[in-house]
Amino acid sequence: MYCVTDRAFVFIVNPALCLHYPLEVLRTARARRRYRDLACPSHQSKKLLSRKLFNHDPLFPVLADKLCVRDHFRARCPDRPSPEVL
């Protein structure tokens with residue numbers, strides 16, 4: 001259960017994030033037909049959006065793409081077999 005300070009944090013941070021990232025919020029709201037809770041994501045699509053916005057790890061786009069991750073692991077572990085791409 002949320003306490004009062006958690007609710008206050010979410011109440012303050014969500015509008016600030018929506019103002020800071022308006023295009024991303026509008027795109028996901030249009031695609032999912034509902035508002036996204038960026039301060040406290042609960043579902044997989046919300047967590048992915050918050051990760052795209054806040055995780056600035058350069059490896060994240062590589063690991064999010066199936067073909068790029070195959071090339072990445074093939075370069076790191078050349079002795080391990082990998083299945084063919086259809």
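Guide: Helices (H or I, at least four residues) and strands (E, at least two) are taken here as DSSP runs, numbered from the N terminus. Read in that way along the sequence, the protein follows the pattern α-α-α-α-α, that is, 5 helices and 0 strands. This is a predicted model, in which local features need pLDDT of at least 70 and side-chain atom pairs count only at pLDDT 80 or more, while totals for chains, interfaces and linings use all residues. Residues are numbered from 1 along each chain as its sequence is written, and side-chain values use heavy atoms, with hydrogens and water left out.

The structure holds 1 salt bridge. Under the accessibility classes, buried means under 20% relative accessible area, exposed over 50%, and partly exposed in between (1.4 Å probe, protein chains only). Arg74 counts as partly exposed because its relative accessibility is 40%, and Asp71 falls in the partly exposed class because its value is 47%.

Elsewhere in the chain, Pro22 is found in helix 2, residues 22-32, and counts as partly exposed at 38% relative accessibility. The C-alpha atoms of Pro22 and Leu63, which are 41 residues apart along the chain, are separated by 26 Å.

As for the whole, the C-alpha trace spans about 55 × 30 × 20 Å along its principal axes. The radius of gyration, taken over C-alpha atoms, is compared with a globule rule of 2.2 Å times the number of residues to the power 0.38; a compact globule of 86 residues would come near 12 Å, but the protein has 18 Å. Buried residues make up 20% of the 86 residues. With contact meaning heavy atoms within 4.5 Å, 25% of the contacts between residues at least 6 apart in sequence join residues at least 24 apart.

Note on methods. A salt bridge is a side-chain nitrogen of Lys or Arg within 4 Å of a carboxyl oxygen of Asp or Glu.
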